[in-house]
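Reader: I am new to protein models and would like to learn how to read one feature at a time. Could we begin with the general idea each time and then turn to the case at hand?

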Amino acid sequence: MSDTTRRTLHHYPTFTAPTAAEAYADAPDLDQEAEVLAQLSRDPELDGCREIALREAALADRRWWRSRTELDGLLAESAAYALQQRDRLNPEDVAGPIGPDSIEWDAPGGTRAYVRQEYLYWYSVPPGCGPCPPEDPCPWHAEHGTR
């Protein structure tokens, strides 16, 4: 009998993260978004702002989806990881239903899937609409679920 190499399969829970098409369906043009981010990044009062981190991560993910180059993939993973780490330290800023510490994001590509979830919720929730109590949700949260 010969020695055989054992492989360990990683089993990740299944969940439904938004696809890139779903998350970025109504997103601004890539060049337009890059220009807006450049303007926002010049404002010293917005240093460390979650919106900028989220939009940068989403822009990097969108660029990777368009180019599929290794460099864009590394940039997208790095920006996604930075956002996820920021959100772990500031869980009150998380918009989507699955938090940054959830095991779902441990699967390959999970950090970018987290960005897509967060971008979709950030972009689609009406401005000024904050977290709603489950017992009294606003119309948007009544239809889409509360946080």
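Author: Let us start with the surface, keeping in mind that this is a predicted model. The accessible surface of the chain comes to about 9600 Å², and carbon and sulfur atoms hold 52% of that area.

Reader: What percentage of the residues in the chain is buried?

Author: Of the 147 residues in the chain, 35% are buried, where buried stands for a relative accessible area under 20%.

Reader: How many helices and how many strands does the chain have?

Author: There are 6 helices and 0 strands, and the pattern read along the sequence is therefore written α-α-α-α-α-α. As for how the chain comes together, 56% of the contacts with a separation of 6 or more are made by residues 24 or more positions apart.

Reader: What happens just after helix 3?

Author: Just after helix 3 comes arginine 68, with a positive phi of about 60°, a value that it takes although it is not a glycine. Arginine 68 belongs to the loop between helix 3 and helix 4, and it counts as partly exposed because its relative accessibility is 48%.

Reader: Which residues have the most contacts inside the largest nonpolar core?

Author: The general idea is that nonpolar side chains tend to be buried together in soluble globular proteins. In this model the largest nonpolar core has 16 residues, and those with the most contacts inside it are Tyr24, Ala58, Leu83, Trp105, Tyr114, Val115 and Tyr119. Two or more residues of this core come from each of helix 1 (20-23), helix 3, helix 4 and helix 5, and helix 5 gives the largest share, with 4 residues.

Reader: Which residues does tyrosine 119 touch?

Author: Leaving aside residues up to four places away in sequence, tyrosine 119 touches Ala23, Tyr24, Ala27, Pro28, Leu54 and Ala58.

Reader: How many salt bridges are counted, and where should I look for them?

Author: Side chains of opposite charge can pair when their charged atoms come close. The count for this model is 10 salt bridges. In one of them, the side chains of arginine 50 and aspartate 87 meet at 2.7 Å, N to O. This pair links distant parts of the chain, since arginine 50 is in helix 3 and aspartate 87 is in helix 4, 37 residues apart. Arginine 50 and aspartate 87 are both buried, and they also take part in a network of salt bridges with Arg86, Asp93 and Glu118.

Reader: Are aspartate 61 and arginine 116 buried or exposed?

Author: Aspartate 61 counts as buried because its relative accessibility is 0%, and arginine 116 counts as buried because its value is 9%. Their side chains meet in a salt bridge at 3.4 Å, N to O, and the pair links distant parts of the chain, with aspartate 61 in helix 3 and arginine 116 in helix 5, 55 residues apart.

Reader: Is aspartate 101 buried or exposed?

Author: Aspartate 101 counts as exposed because its relative accessibility is 58%. The side chains of aspartate 101 and arginine 88 meet in a salt bridge at 2.6 Å, N to O. Aspartate 101 lies in the loop between helix 4 and helix 5 and arginine 88 lies in helix 4, so the pair ties together parts that are 13 residues apart in sequence. Arginine 88 is partly exposed, with a relative accessible area of 29%.

Reader: What separates the C-alpha atoms of threonine 19 and glutamine 117?

Author: These two residues are 98 residues apart along the chain, while their C-alpha atoms are separated by 8.6 Å. Threonine 19 has its place in the segment before helix 1, and with a relative accessible area of 41% threonine 19 is partly exposed.

Terms used:
Residues numbered from 1 in each chain as written. Predicted model: local features only at pLDDT ≥ 70, side-chain atom pairs only at ≥ 80, totals over all residues. Heavy atoms only, no water. Buried < 20%, exposed > 50% of the residue type's maximum accessible area, 1.4 Å probe, protein only. Contact = heavy atoms within 4.5 Å. Areas by Shrake-Rupley, 256 points an atom, 1.4 Å probe, with all protein chains shown as cover. Core = buried A, V, L, I, M, F, W, Y, C linked by side-chain atoms within 4.5 Å. Salt bridge = Lys/Arg side-chain N within 4 Å of Asp/Glu carboxyl O.
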